[in-house]
Structure formats: structure tokens, C-alpha cells
Amino acid sequence: MKCTNKKRTGLLCFICITAIFMNGCGTQKVALEHPYSLYESKASAEASPLFAENLCVTEKINFGTDQVQSTVAEAAGVFNTTTKEVTYSQNLFKKMYPASTTKVLTAYVILKNGNLDDKVTVSKEAVANMGGSSVCGIAEGDILTVRDLLYGLMLVSGNDAANALAEYCSGSVEAFAKEMNKESKALGATGSHFVNANGLPDDKHYTTVYDMYLLFQAALSLPEFVSIINTPSYDASYTNASGETVTKTWKNTNKYLSEEVKAPEGIQVIGGKTGTTNAAGYCLVLYSTNRKKENIISIVFKADGRSNLYLLMNEILAGFAN
């Protein structure tokens, strides 16, 4: 049954009758100014930006893959965020395991909602079952600042730091994952789903190269995030459960920051996030500038080895970022 709005119908009839009387037999044409305008006013238009106006947008097609050794990785992309162009596309929308590049979103949520100077006491649960995974070496009862934990998270990819930050922010890793999913959807990353803060493999924990670009671009809008990923090493000093001072030096796993790998001529690497698991392969999300001082985000997912990860990253930077 089709519903009819009687008030609306009556109003339309009144308007039509009024128009006929005002225009004689209805032969006079009335020109409407901007009859299909999206906005009521210029001020309204300026206050209501379109969602994708500051994003690099592309179709689900690959391009540029025949110019590099693309077969060494499963997905990759280059995004010029200054010109808002996708310049290299390789399976941008394919569902992938993100490994520790997940921590880009973890850091973003923490920086948006937390206080860098807050003190966090590490729980037993935060450091449980960490054997064989990437950790920054914190222990139950350690008291660190949120700032310290963020450096442990992003530089040495501490899964223990990720758990501690998740508990600090939301009370549990599970609750924090819900916040991660809320933020990712708000940023347009609709092809992603997260169940933990560290990126350890799970069938329900996945993203795409394009979604990671969206998440990383949002994180780069926060100056503290850029400062952290641009740091080659960080000296942490905190107290343990016995009240003793603990000092650690955390070095960045990004080989561009450690100067083990040289970027192509004209490219200045600011920082990024690595990620490695058996399921995800070797992953890297990178923020750079080119010779024109344009901002570049480049991503490689599931490379078949660490050397090939940096090989492909350098190839797509040299060919599609300058």
C-alpha cells in the first residue's frame, strides 16, 4: 500500500492554484535561481565540505604494475596527498592482513582520546602470551606514561605496549577494538575490521591498502604522531613494580629511519610503520615528501621477504612519487 502525505498533497495543490492565478493562464514562465542547488547558501556550502574532497580517489583497477617488480608483493599503492592523486595501484581494495601496521590506528585512537602524560600501570593480561611476538619488553607492574608506550608501540612495534594502551583507553582490548572499528568506519575505511590493538593474526582482523591509506592520512594530521614515527630511537625511563628505575632504548624498525635502506633520489622519508607475520607477510606504510615537497603515502602489503619489501617500495617511490 502506498502511503500519501495529505498535508503535503494539499500544500502542492494550493501552490499550483496560486501559480495559475498569478500567471493568468499559466503561460508566463518563472525563472528559478539555482533550482537544484545542493546548498541553501554559499556559507552553507563552505561549512559542509564533501567527504572525499581531500582524499585520493580511484577505481578498482591496477595501474603501474608492469613498470615495477610487482610480483614480489600482493598489494601496494602510492598516494600523492598534495595533488590528491593515486599514482600507483596494485590490488588496493583486496582484503589483507595488516600485521603491526594496525598500530597506526591504535596510535591514532590513543592520541585523539588520551593524555600523553597520563601514567599507565601495566597489567598481567597486557603482557601475557607475548612469547615469540614483537614486544618492547615491559612487565606487569611497570608504570609508564602514555607517551612512552606510544614510542614502544610505534618504534619497536610492541604488542605488549598495544595491549597496555588499549586497556588504558577502554578498559580492555575487546572494548578498544570496538573504538578502533568506530573510528575506521568514520574515516571511510569500510573494508576493514579489527579485533585487537596489535595486529596479531585473526580471520576477523583485516584491512585493505586503500583503507590503510585513509587511516594513515588521518593519523598524519596529528603532529605528535608524525614526531613519533620520525624518531630513529627513543630512550624510555620508567619505574617497575618494585619502584626501581628501568631504562630502555627503543630503535625504529623502519629501515629508512635506521639508514639501513636509502630512499630514491628526491624522496625524503619522514616515517611510517612496519608489520610482519606469517599470514601478512612483510608490510610497510610510509610517509615521505618528493622533490616538489608534495606529501606522499606509499604502502606495500604482503611482500615475500624483507629485502623485496624495500625493493618494491623504492621502485614505486622512484617511479610514481616524484
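Is Asn-278 buried or exposed? Select this residue to begin the tour. The model on the screen is a predicted one. Asn-278 has a relative accessible area of 84%, and exposed means over 50%, so Asn-278 counts as exposed.

**Stop 1: around Asn-278**

Keep Asn-278 selected and show the secondary structure. Asn-278 is placed in the loop between β7 and β8. Along the chain, Asn-278 and Leu-200 are 78 residues apart. Their C-alpha atoms are separated by 9.9 Å.

**Stop 2: the largest pocket**

The largest pocket has a volume of about 290 Å³.

Colour β7 (268–277), β8 (281–289) and α9 (306–320). Each of these elements supplies at least two residues of the pocket lining. Which of them gives the largest share of the lining? That is β7, with five residues.

What kinds of residue make up the lining of the largest pocket? It divides into 11 polar residues, six nonpolar ones and four charged ones.

**Stop 3: aromatic pairs**

A search of the whole structure finds nine aromatic pairs. Begin with Tyr-88 and Phe-320. The centres of these two rings are 5.1 Å apart. Their planes stand at 50 degrees, so the pair is tilted. Planes under 30 degrees apart would count as stacked, and planes over 60 as edge-to-face.

Tyr-88 belongs to strand β2 (residues 85–90) and Phe-320 to helix α9. The pair links distant parts of the chain, 232 residues apart. Tyr-88 has 0% relative accessibility and therefore counts as buried. Phe-320 is also on the buried side of the cut-off, because its relative accessibility is 13% and buried means under 20%.

Now move to Tyr-234 and Trp-250. Their ring centres lie 6.3 Å apart, and their planes are at 20 degrees, so this pair is stacked. Where do the two residues lie? Tyr-234 is in strand β5 (residues 233–239), and Trp-250 is in strand β6 (residues 245–251). The pair therefore ties together parts that are 16 residues apart in sequence. Tyr-234 is buried, with a relative accessible area of 17%. Trp-250 counts as buried at 4% relative accessibility.

**Stop 4: an aromatic cluster and two lysines**

Select Phe-79, Phe-93, Tyr-210 and Tyr-213. These residues form one aromatic cluster. The charged end of Lys-60 sits over the ring of Phe-93, at 5.8 Å from the ring centre.

Then select Lys-95 and Tyr-206. Here the charged end of Lys-95 sits over the ring of Tyr-206, and the distance to the ring centre is 4.6 Å.

**Stop 5: cysteines**

How many disulfides does a search of the whole structure find? The search finds zero. Select Cys-56 and Cys-283 to look at two cysteines. Cys-56 is buried, with a relative accessible area of 0%. Cys-283 is buried as well, with a value of 1%.

**Stop 6: positive phi angles**

Go to Ala-99, in the loop between β2 and α3 (103–113). Its phi is near 50 degrees, a positive value in a residue other than glycine. Ala-99 is buried, with a relative accessible area of 1%.

Asn-129 is the next selection. This residue lies in the loop between β3 (119–121) and β4 (143–145). Asn-129 has a positive phi of about 55 degrees, although it is not a glycine. Is Asn-129 buried or exposed? Its relative accessibility is 76%, so Asn-129 counts as exposed.

**Stop 7: helix α6**

Finish at Lys-178, which is found in helix α6 (residues 173–186). Lys-178 is exposed, with a relative accessible area of 64%. Lys-178 and His-193 are 15 residues apart along the chain, and 9.3 Å separates their C-alpha atoms.

How values were computed
Residues are numbered from 1 along each chain as its sequence is written. This is a predicted model: local features need pLDDT of at least 70, side-chain atom pairs count only at pLDDT 80 or more; totals for chains, interfaces and linings use all residues. Side-chain values use heavy atoms; hydrogens and water are left out. On a 1 Å grid over the protein atoms alone, a cavity is a set of points where a 1.4 Å probe fits but cannot get out, and a pocket is an open set with protein on both sides within 12 Å along at least five of seven lines; lining residues have an atom within 4 Å of a point. Grid points are joined across faces, edges and corners, and a volume is the space filled by probe spheres set on the points. Helices (H or I, at least four residues) and strands (E, at least two) are DSSP runs, numbered from the N terminus. Ala, Val, Leu, Ile, Met, Phe, Trp, Tyr, Cys and Pro count as nonpolar, Asp, Glu, Lys and Arg as charged, and the others, Gly among them, as polar. Rings of Phe, Tyr and Trp (its six-membered ring) pair if their centres lie within 6.5 Å; planes under 30 degrees apart count as stacked, over 60 as edge-to-face and the rest as tilted. Buried means under 20% relative accessible area, exposed over 50%, partly exposed in between (1.4 Å probe, protein chains only). A charge sits over a ring if NZ of Lys or CZ of Arg is within 6 Å of the ring centre and within 35 degrees of the ring normal. A disulfide is a pair of cysteine sulfur atoms within 2.5 Å.
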